[in-house]
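Okay, thanks for coming, everyone.

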Amino acid sequence: MPSLDIEMEPMIIENNDEKAPLLPILKTYVITTPKSAKKSFFSKFTSYLPESTLPYISNLSNLFIQIKNKLPSPKLFKLPFSISRRRLVIYITLLNLFFLYRYIHGGPFHPLSCQLIGLGCPNNIISGFTSQEFSDVRQVFLENFENGQEVGAQVSVYYNNDLVVDLSCGFADVSTGKPYDDSTLQLVFSSTKVLSGIVVARLVEQGLLDYNSPISKYWPEFAQGGKENVTLLDLMVHRAGVGFIDSHDMSVQDLYDLDNLSEILAKQPHNFNGVPKRAYHGISRGWYLNEIVRRVDPRHRTIGRIVSEDIVPEYNIEFYLSTNKLLKDRLSNIYTYPLVRMLSKMILPEKFLSEPLHPIFFQMMDKNSDAYKSLILTAPDHTQQPQDFNHFEMLMPEGPSYNGVTNSRSMAKLAAILANKGESLPIVTSTPSDDLPLDLQQNSLLKEPRLMSDKTYDLIATRLEPTFDTVLQEIITPSVGGFGYFRLKGLEDVEFLGWGGSGGSIFLWNQELKIGFSYVMNAFHTALLGDDRSLALL
C-alpha cells in the first residue's frame, strides 16, 4: 500500500501591505511504492515526457491524490425509479464529456465554475474610448475577456498622430477586486528593450556612442575572454556572446551595486569563444547596455535615470525601470497560465491546439540549451516563474531588458513618435492660445521636442540580414537599433517594427501607415511575439 506524506504551504505575495495567497505550492512530496508493484498508467505515461517536466507532473499528481483522499467515499444513492447500470454509466460518461468539452473550450483564466457550468463568471466593464472609425476594437477587446483569455489588460492605438483607441478592462488584483484601469501600471518584460534602444539611439545621435565601435572603446575591462572585437551593434542585435552569465550565480542583490556588477559582466567569457552567433540576450543585454551608457553619459546616469529625467517628463508618459514604493499600489499582479493547460500543450499534437506552445518553452527545459542558460540560468536568483515578479523587490533594481513598468498609452505614444521618424506629436489642448504660457504661444506648432532626428531614425531602422536565433528558435529580421521587423499571423501584408514581451505585451509601429500600437496585460500566455488576443486587436 503506497504511503503518502504531503505538506502544503501558500505562496505569499505582497499587495497593499497585506499578504494574500497566490497559489498553493507543494512543499514536500514522498511517495513510496513496493518495487514489485505493477507500473500504473500514469508512470508509463510520464516515461515519455522530458525529465525536467516530471517535478511539475509529480506535484500535480500528488495534489489530485490529496484531493481524492479528502473526499468521502462515494456511495450510490437509491434512485426513485428503475434504471439499468449500463444506462447510468452512459449518463455519467456523457456528463463527463460535457464537462470536459466545457473545460477545453472554456477560457483558461475564468474561474473553474465559470468554465464548467457558466457560474461565477466575471462581469467585464470596459473603460476608455475608441474613435468611431476604430469602434470595432472595443468589441474584440471585450470578447477576449468573455472568452476567459484575459484577467486585466489595456490596449492603445495612435493613427496619424491621434490617439484613436485607449481601453482598459478586467482586474489588476483578482483577490481584492482592484480594477484594471487607466491608472494601472504593468510589467511588460522584454517590451522594455524598445525603450533602452531609444536611449542608446539618442546617445548615438549626440556622438557619445557608435554602433560600429567595439564595446571596449567605452569599457576597457570588457575586452577579455574572447570579447575584444564585440561591437555595440553586436550587443544590440543579440550576437555579442554574452546572452548568458555562467561565471557567476546572479542574484537580485548583485544588481544594486553597479560597480561590482560591472566586474561580474566584464569577467564573463564569450559564450561561443569569440564567434558571432545570434542568441537572444533576453536578460543580460540591458545590464551590459546600462554599464556602457553610464560610462559615456556626461553625468554617468543609468538608462533608467535618463528615461526618468529626459524622456518621461518631456513626453508626458509613464515608464519606470526602477519601481519605487510610491508606485506599489498601482502595480498589477501577474497571473501564470494554468499548469494543467500548460501540460496539455506539452502533450497534445499541435493540430488539437488553437495556440500551441512555442518551441522556446521546450528548449528552456534542456539545461544544455542556449534558451535555458539565457533565460533561467542568467535570471536573478534563477527566477523561473512569471509570478515571481509579483514580489516587489524584483522590480526595484534596474533591468533595462526585462523589468519596465508602464501602461499601453505611454508605449503607444512612443511608438507613434517612432512611426513619425522621431518627430513628436502635436500637443492636444483645449486651453485658448492666449492663456497658454509664452513659450508655447511662440511655438505655433505646439509640439513636444523631437525624440530623435530623421537621420538617426533611418539608421536605427536599417534592416539587417534575417538570422536564426538559437534561443528564440525563429528567424529574426533585426534592425540596427536592436528592434525586429515582423509580419504577424493574419497581417502578413503589413510589416511592423518593434518588439514584444514575454506573456503577450507588444510595442509596435508602422511608419507607412502612421500606426503606433501597444497592448499590455497581466494574464501570461505562451506565445512568443503576440498571441490571439493582441493579433485580433491589430
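Let's start at threonine 477, which counts as buried at 16% relative accessibility; buried means under 20% relative accessible area, exposed over 50%, and partly exposed in between, with a 1.4 Å probe and protein chains only. Before I go on, this is a predicted model, where local features need pLDDT of at least 70 and side-chain atom pairs count only at pLDDT 80 or more, while totals for chains, interfaces and linings use all residues. Residues are numbered from 1 along each chain as its sequence is written, and side-chain values use heavy atoms, with hydrogens and water left out.

Back to threonine 477, then: you'll find it in strand 11, residues 474-478. Strands here are DSSP runs of E with at least two residues, helices are runs of H or I with at least four, and both are numbered from the N terminus. What is threonine 477 in contact with, leaving aside its neighbours within four places in sequence? That would be Arg463, Leu464, Pro466, Phe483, Gly484 and Tyr485, where contact means heavy atoms within 4.5 Å.

Next, the core. In soluble globular proteins, nonpolar side chains tend to be buried together. Here the largest nonpolar core has 132 residues, and Phe141, Val200, Leu209, Tyr211 and Trp509 touch the most other members. By nonpolar core I mean a set of buried Ala, Val, Leu, Ile, Met, Phe, Trp, Tyr and Cys residues joined through side-chain atoms within 4.5 Å. Take tyrosine 211: beyond its neighbours within four places in sequence, its contacts include Val200, Leu233, Met236, Ile460 and Val480.

Now for the aromatics. How many aromatic pairs does a search of the whole structure find? The search gives 15, counting rings of Phe, Tyr and Trp (its six-membered ring) with centres within 6.5 Å; planes under 30 degrees apart are stacked, over 60 edge-to-face, and the rest tilted. In one of them, the rings of phenylalanine 389 and tyrosine 402 have centres 6.3 Å apart and planes at 65 degrees, so that pair is edge-to-face. Both residues lie in the loop between helix 13 (370-377) and strand 9, so the pair ties together parts that are 13 residues apart in sequence. Phenylalanine 389 is buried at 11% relative accessibility, and tyrosine 402 is buried at 6%. Ring pairs also link these two with Phe189, Trp287 and Phe524 into a cluster.

There are charges over rings too, meaning NZ of Lys or CZ of Arg within 6 Å of the ring centre and within 35 degrees of the ring normal. The charged end of lysine 227 sits over phenylalanine 222, 4.9 Å from the ring centre, and lysine 328 does this over phenylalanine 392 at 5.5 Å.

Three strands make an open, antiparallel sheet in the order 7-9-8; strands pair if DSSP finds at least two bridges between them. Strand 7 (186-187) and strand 8 (319-320) stand at the edges with a single partner strand each, so one side of each is left without a neighbour in the sheet. Two bridges join strand 7 to strand 9, residues 405-406, and leucine 187 has valine 405 as its bridge partner.

Last stop: the search finds one disulfide, defined as a pair of cysteine sulfur atoms within 2.5 Å. Cysteine 114 and cysteine 121 form it, with sulfurs 1.9 Å apart. The link is right-handed, with 100 degrees about the S-S bond. Cysteine 114 is buried at 5%, whereas cysteine 121 is partly exposed at 37%.
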